[in-house]
Amino acid sequence: MTGLKLITFDLDNTLWPVDEVIRQAERTCGAWIAEHHPEASAALTAERIRSVRDQLIGEQPDYLNNLTRLRRDAMAQAFIEAGFAEREARHIAQDAFLVFHEARNKVSFFPGALEVLETLADSYTLGALSNGNADLEQIGIRDLFAFHHSAESIGKRKPEADMFRAALHSAGVTATQAVHVGDHPLEDVDAARQHGFHAVWANLIDLSWPSDLDQPSHYIHNLHELTDLLPLFDD
């Protein structure tokens with residue numbers, strides 16, 4: 001028996017629903033720009049930023065490893081294309097991103113999420129593995145996690161092995177002593193099992209499982225269900 005020692009969690013759509021959080025953060029950011037830089041406001045519709053983001057990713061796919069840089073540079077590029085000087089565009093974009101990011105970290109947890117994390121933290125090492133740029137300190141749960149690795153801090157997104165390897169190194173355990181919990185079939189569940197972790201599909205937003213991936217061995221629809229699964233990984 002190796003015994004389960006490490007539980008890693010994805011964040012967005014695993015501990016909280018993220019889509020409305022992002023939409024609200026974009027509205028908050030847009031309102032701030034309209035108030036403080038009204039001359040820039042017309043250049044920064046959410047649709048325009050998404051278009052510029054897609055363009056930047058097409059030119060430099062590595063942007064996907066740093067969503068902070070991607071959003072900040074997309075805003076700056078939109079301002080530049082609207083006629084702003086580059087220095088001013090980047091200054092406004094930096095300030096606007098800070099407003100966006102603060103709002104982006106105002107999340108509403110899935111039912112039971114905090115209770116489950118607090119309970120598990122008493123018995124296991126908890127880690128966070130995220131492709132996004134959530135800030136556990138701002139959200140208020142940093143003390144529950146031994147570490148937080150992200151695509152930005154590691155330099156590679158899931159499903160690449162780098163983040164999973166970093167988690168094992170941080171916790172000082174082997175992959176057979178670890179389980180990863182996440183919502184994304186490829187980036188979380190399949191990636192975890194490919195890299196030797198146990199895996200739990202957290203299907204809290206009623207996704208369909210892709211037909212080209214092997215079905216998950218373990219899944220939950222509510223985070224409270226996770227505690228019932230953990231004994232299965234102690235063999």
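This is a predicted model: local features need pLDDT of at least 70, side-chain atom pairs count only at pLDDT 80 or more; totals for chains, interfaces and linings use all residues.

Trainee: Why is Glu26 called buried?

Mentor: Buried means under 20% relative accessible area, exposed over 50%, and partly exposed in between (1.4 Å probe, protein chains only). Glu26 has a relative accessible area of 16%, so it counts as buried. Glu26 is found in helix H1; helices (H or I, at least four residues) and strands (E, at least two) are DSSP runs, numbered from the N terminus.

Trainee: What makes Leu230 buried?

Mentor: Its relative accessible area is 2%, so Leu230 is buried too. Leu230 lies in the segment after helix H11 (226–229). Leaving aside neighbours within four places in sequence, Leu230 is in contact with Leu4, Ile7, Leu120, Tyr124 and Val179. Leu4 is 226 residues away along the chain, yet the two C-alpha atoms are separated by 7.8 Å.

Trainee: How do you know that the chain is as compact as a globular protein of that length?

Mentor: First, the chain has 11 helices and six strands. Its radius of gyration is 19 Å, close to the 18 Å that the globule rule gives for 235 residues, so the chain is as compact as a globular protein of that length. The radius is taken over C-alpha atoms, and the rule is 2.2 Å times the number of residues to the power 0.38. Also, 50% of the 235 residues count as buried.

Trainee: What lines the largest pocket?

Mentor: There are 28 lining residues, and Asp12, Ile22, Arg53, Leu67 and Gly132 lie nearest the centre. Helix H3 gives the most, with four residues. A pocket is an open set of points on a 1 Å grid over the protein atoms alone where a 1.4 Å probe fits, with protein on both sides within 12 Å along at least five of seven lines; lining residues have an atom within 4 Å of a point.

Terms used: Residues are numbered from 1 along each chain as its sequence is written. Side-chain values use heavy atoms; hydrogens and water are left out. Contact means heavy atoms within 4.5 Å.
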